[in-house]
Amino acid sequence: MTIIDNTILFVKQQLENAEGGHDWFHIERVYKNALLIAREEEDCDILVIKLGGLLHDIADSKFHGGDESIGPKTARTFLESQNVKEEIILHVIAIIENISFKGGNFEKKFNSKELEIVQDADRLDALGAIGIARTFNYGGFKNRALYNPNIQPNMSMNKEAYKNSESPTLNHFYEKLLLLKDKMNTETGKKIAQKRHDFMITFLAQFYAEWDGEV
């Protein structure tokens with residue numbers, strides 16, 4: 001078996017009981033998105049992209065008491081067990097540490113073409129029909145209100161405020177999802193993001209119309 005085969009098996013085992021928006025199928029979609037984008041980009045390390053895509057959410061901090069060290073540690077332990085070169089391990093860990101949105105005010109401490117590709121792939125899964133489904137799935141997981149017109153989106157959250165937010169699910173569209181289109185790194189990512197962004201705008205218009213009893 002190849003390192004990728006072993007990584008897929010490892011991730012499936014680790015995320016067997018994960019919340020529906022951050023489970024193996026999320027990882028698989030990000031992996032496929034990353035490969036799609038990588039085909040259009042030049043001078044990128046496909047092994048790093050594959051491993052980064054597969055391991056980017058191996059231990060999401062939001063499900064581990066906010067501890068952001070567990071994901072990188074878990075990835076390192078696994079990759080070392082597979083005799084992966086140290087330079088590749090460091091690159092994959094850097095992707096894990098810098099991929100998240102974190103309220104949109106997080107300054108990346110690392111940059112690479114591979115990070116840009118995997119980050120775009122991850123952000124695409126937060127957009128469009130699947131992005132909408134994931135958002136409401138997580139809102140239900142956290143027992144949040146669908147929408148409360150008396151609670152406005154907070155557009156100036158820092159990393160901690162974003163992480164601890166308990167606002168209604170619909171606010172998340174404005175606090176994150178609708179911002180992603182303009183934060184994409186690659187041309188391929190931007191094109192796909194625009195289409196999915198437009199779909200969400202249509203969804204929101206329909207949501208408000210139904211909420212107000214207009215249709």
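This is a predicted model: local features need pLDDT of at least 70, side-chain atom pairs count only at pLDDT 80 or more; totals for chains, interfaces and linings use all residues.
Me: What share of the residues in the protein chain counts as buried?
Reply: A residue is called buried when its relative accessible area is under 20%. The protein chain has 215 residues, and the share of them that counts as buried is 47%.

Me: Among contacts with a separation of 6 or more, what part comes from residues 24 or more positions apart?
Reply: This question looks at how contacts in the protein chain span the sequence. Take the contacts with a separation of 6 or more, and then pick out those between residues 24 or more positions apart. Their part is 66%.

Me: Which residues is Leu 79 in contact with, leaving aside its neighbours within four places in sequence?
Reply: With its neighbours within four places in sequence set aside, the contacts of Leu 79 are Leu 51, Leu 55, Val 84, Ile 89 and Val 92.

Me: Are α2 and α3 roughly parallel or roughly antiparallel to each other?
Reply: Their axes are 8 Å apart, and the two helices pack at an angle of about 155°. Angles over 145 degrees count as roughly antiparallel. The crossing of α2 past α3 is right-handed. The angle therefore makes α2 and α3 roughly antiparallel.

Me: How do the residues of the contact of α2 with α3 divide into nonpolar, polar and charged?
Reply: On the α2 side, the residues that meet α3 include Trp 24, Ile 27 and Tyr 31. On the α3 side, Ile 46, Lys 50 and Gly 53 are among them. The contact divides into ten nonpolar, one polar and one charged.

Me: Why is α3 described as oblique to α6?
Reply: Helix α3 (residues 46-55) and helix α6 (residues 113-124) have axes 9 Å apart. Angles under 35 degrees would count as roughly parallel, and 65 to 115 as roughly perpendicular. The angle between α3 and α6 is about 40°, which means that α3 is oblique to α6.

Me: Where is Gln 82 found, and which residues does Gln 82 touch, not counting residues up to four places away in sequence?
Reply: Gln 82 is in the loop between α4 and α5. With a relative accessible area of 25%, Gln 82 is partly exposed. Gln 82 and Thr 2 are 80 residues apart in sequence, yet 9.7 Å apart in space, C-alpha to C-alpha. Not counting residues up to four places away, Gln 82 touches Ile 3 and Asn 6.

Me: Is His 197 buried or exposed?
Reply: His 197 lies in helix α10. Beyond residues up to four places away in sequence, His 197 touches Leu 178 and Lys 181. The relative accessible area of His 197 is 11%. Buried means under 20%, so His 197 is buried.

Note on methods
Residues are numbered from 1 along each chain as its sequence is written. Side-chain values use heavy atoms; hydrogens and water are left out. Axes are lines fitted to C-alpha atoms, for helices over the stretch in contact, and angles run from 0 to 180 degrees between N-to-C directions. Contact means heavy atoms within 4.5 Å. Buried means under 20% relative accessible area, exposed over 50%, partly exposed in between (1.4 Å probe, protein chains only). A crossing is left-handed if the near helix is turned anticlockwise from the far one by less than a right angle, and right-handed if clockwise. Ala, Val, Leu, Ile, Met, Phe, Trp, Tyr, Cys and Pro count as nonpolar, Asp, Glu, Lys and Arg as charged, and the others, Gly among them, as polar.
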